[in-house]
Amino acid sequence: MKKYWQAGMAEFKIRRICFISAGYPSYNKQVYTFVQQLVHAVVREGIECTVISPVNLRKSINRKCYPYKYVESLNNCKEIEIYRPRFVQYWGRGGMAQLGTLNPQRAMLTSFTNSIMKIVKREGLKFDAVYGHFLYTSGAAAIRVGDLLNVPAFPGMGESTNGKDLIWSVRPYGIEHAKKELKKASGIITNSSLLSKTVSKQLGYAEGKIGVFPNGVDLSKFEPIEKQRARNKLGLSKDAFIVACVGACSYRKGQLRIYEAIKDLKGVAAAFAGIGIPFEKDEKIVWNQPLKHHMIPELLSACDLFVLPTLGEGSCNAIIEAMACGLPVISSNGEFNDDLLSKDMSIRIDPLDVDQIREAIISLRDNPLKRKEMSLNAAERAKKFDINQRAKNIVNFMEECADA
């Protein structure tokens, strides 16, 4: 596997990339912002990008959230065309079991891919490479589209690990089916060493064609803001010790475990930014709603540390964003965090052990000097995860693989 790929000069040059993703932010629907941030970074490298984000026909009724086509403009006046073709999906996210010889998930993949190809043909779109995020369904669709257009295709694997099954997103389609699909990929892009090893061992893909690129953030936007200024802007107490957690509320992410850890700690409060937060706002819960992406640095900078007792991730953007804003991190001792966290800026805990979470919070609350040192180390370590450098490395990797 190619870890933190640093490619040489390739003869094949990519000037136009098609990004395929099952989600992409629209005017009032903030989903898959990490894909958008990667696209923007690739555009800053001078590469023309088009995004095709198929929408379930049932959801497409809401045209405000899912416009069929629009143009996204960056500050440097470069434009990204966004297409949202409709496809048919007959079941929910969990999928359906095999029905005799019919695999509903594969049927959905075909519908998904066909919707993309209709756009490509109708608009006369041409690309030098195709990228699909995540491995299923968008990555598999990217491989098929690349095959039909005779251009290199690269599935991106960033699926969150659930603590046990690292290829859970593949299983509904069939492992052997996935192995055959992947053979046509020019290379696979993963965002953690753990996922890279999984692709090689369980899906039989050649190590030499797997690149490891942990997620990154725009360091010009995610940086420390003076704490009291951030608190004043958000209306937060200047005296409370506030732990931050960013992400949709779930058992996997562990917001309920954070609450259990702090509910009896005097002077400690939590700021939860994400959908589905079940807590009412009070002296213990000082924030309980989602934030637009550009406002997250303000909330993080207003807090004292970041806590995420997650059971599994791919490469956690929320952790990297917290690091970039200078927050010490308390998170899982799972292998999926190994690429991101170091001992000098984090405390690793058993994510299911509330006592460990509580003790870690207390240890940092009661030691401001250690907290300050870890804060500086976190901001410094975040420089390793600059999304602009990540985009450059990914493009280099794609060119090298296409050249091979």
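Guide: Helices (H or I, at least four residues) and strands (E, at least two) are DSSP runs, numbered from the N terminus. Here, Met157 lies in strand S9, residues 153-157. This is a predicted model, in which local features need pLDDT of at least 70, side-chain atom pairs count only at pLDDT 80 or more, and totals for chains, interfaces and linings use all residues. Residues are numbered from 1 along each chain as its sequence is written, and side-chain values use heavy atoms, with hydrogens and water left out.

Visitor: Is Met157 buried or exposed?

Guide: Buried means under 20% relative accessible area, exposed over 50%, and partly exposed in between, using a 1.4 Å probe and protein chains only. Met157 has a relative accessible area of 1%, so Met157 is buried. Met157 and Asn191 are 34 residues apart in sequence, and their C-alpha atoms are 6.7 Å apart in space.

Visitor: How do I read a helix such as H10, residues 354-365?

Guide: Start with its span: the expected value is 1.5 Å times one less than the number of residues. H10 has 12 residues and should therefore span 16 Å, which agrees with the 16 Å between its end C-alpha atoms. Next, an α-helix has 3.6 residues a turn, so residues three or four places apart point the same way. In H10, the buried residues are Ile357, Ala360, Ile361, Ile362 and Leu364.

Visitor: Which residues line the largest cavity?

Guide: On a 1 Å grid over the protein atoms alone, a cavity is a set of points where a 1.4 Å probe fits but cannot get out, and lining residues have an atom within 4 Å of a point. Grid points are joined across faces, edges and corners, and a volume is the space filled by probe spheres set on the points. A search of the whole structure finds one cavity of 30 Å³ or more. The lining consists of Ile17, Phe19, Leu38, Val42, Tyr131, Ile394, Val395 and Met398. Helix H12 (387-403) gives the most, while strand S2 (16-21) and helix H1 (33-44) each supply at least two residues.

Visitor: How many disulfides does the structure hold?

Guide: A disulfide is a pair of cysteine sulfur atoms within 2.5 Å. This structure holds zero. Cys18 is in no disulfide, and its nearest cysteine sulfur, that of Cys49, is 9.5 Å away. Cys325 is in no disulfide either, with the nearest cysteine sulfur, that of Cys303, 9.9 Å away. Cys18 is buried because its relative accessibility is 0%, and Cys325 is buried at 5%.

Definitions and conventions. On a 1 Å grid over the protein atoms alone, a cavity is a set of points where a 1.4 Å probe fits but cannot get out, and a pocket is an open set with protein on both sides within 12 Å along at least five of seven lines; lining residues have an atom within 4 Å of a point.
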